[in-house]
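Please read it alongside the structure shown here.

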Amino acid sequence: MIKLNAVEKMTSEQKYKYMLILLEGQLSSEKNDLANLCNATAIIKAIMDRVNWAGFYILRGNTLILGMFQGLPACNRVEVGKGVCGAAVTQKKPQLVENVHDFLGHIACDSSTNSEIVIPIIKDDVVYGVLDLDSQEIGRFTKLEEKYLVEFVDILNKYIDWSKV
Ligand code: SME
């Protein structure tokens, strides 16, 4: 169970470390990938403040299809190479976007979003999708968030069979 009172008093780095502990706890105690990915998005949303959307897009052919998420209804499909999500797949590296309005080709699912971070999900050199977070605050995501969200995806990769998601 998440102790939100304790989380409020933590530094950002403490929160993100706690987020990884919660994720390990979830994944090590449940085998169902659907349940695990749903709770993974809930863990991010509960721990990370000033995040208005957090979720997965799963790669099917050349299209990223909306997966489990927390937030407002979002774009169903993003083509590889399009938007921030598509760039993360093409470049196979995290995309840290301080101001989405400066990112050529950004796809706006929610007009109140101002910054975004996308981590590609790559296991054994195969790209399975992306983890995408949005914020209404310009510059919400930094190298600190990138570090811990990359670790978050590394933990997911230990447990999730992406080929069956
Ligand atoms: N902004 C993303 C699209 C997905 S939404 O943010 C949930 C993009 O440009 O790829």
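The text below takes the helix pairs in turn and then the ligand site.

The model is predicted. The table gives the packing geometry of each pair.

| Helix pair | Angle between axes | Distance between axes |
|---|---|---|
| α2 and α5 | about 10° | 10 Å |

**α2 with α3.** On the α2 side, the contact uses Lys15, Tyr18, Met19, Leu22, Leu23, Gln26 and Leu27. These residues meet Ala35, Asn36, Asn39, Ala40, Ile43, Ile44 and Ile47 of α3. By class, the α2 and α3 contact residues comprise 10 nonpolar, 3 polar and 1 charged.

**α3 with α5.** From α3, the contact draws on Asp33, Leu37, Ala40, Ile43 and Ile44; α5 supplies Leu149, Phe152, Leu156 and Tyr159. The contact of α3 with α5 includes 8 nonpolar residues, no polar ones and 1 charged. Ala40, Ile43 and Ile44 of α3 take part in the contact with α5 and also in the contact with α2.

**α2 with α5.** For this pair the angle is about 10°. Angles under 35 degrees count as roughly parallel, so α2 and α5 are roughly parallel to each other. The α2 residues in the contact are Ser12, Glu13, Tyr16, Lys17, Met19, Leu20, Leu23, Glu24, Leu27 and Ser28. Their partners in α5 are Leu144, Glu145, Tyr148, Leu149, Glu151, Phe152, Ile155, Leu156, Lys158 and Tyr159. The residues in the contact of α2 with α5 divide into 12 nonpolar, 2 polar and 6 charged. Met19, Leu23 and Leu27 of α2 meet α5 and also meet α3.

**Ligand site.** The residues around the ligand are Trp53, Tyr57, Ala74, Gly83, Val84, Cys85, His106, Ile107, Cys109, Glu116, Asp132 and Asp134. An oxygen atom of the ligand lies 2.9 Å from a backbone N or O atom of Cys85. The side chain of Glu116 has an N or O atom 3.0 Å from a nitrogen atom of the ligand. In the side chain of Asp132, an N or O atom is 3.3 Å from an oxygen atom of the ligand.

Note on methods. Residues numbered from 1 in each chain as written. Predicted model: local features only at pLDDT ≥ 70, side-chain atom pairs only at ≥ 80, totals over all residues. Heavy atoms only, no water. Contact = heavy atoms within 4.5 Å. Helix = DSSP H or I, 4+ residues; strand = E, 2+ residues; numbered from the N terminus. Nonpolar A, V, L, I, M, F, W, Y, C, P; charged D, E, K, R; others polar. Near = heavy atom within 4 Å. Polar contact = N/O pair within 3.5 Å; in protein donor to acceptor, adjacent residues only side chain to side chain. Axes fitted to C-alpha atoms, helices over the stretch in contact; angles between N-to-C directions. Parallel < 35°, antiparallel > 145°, perpendicular 65-115°, else oblique.
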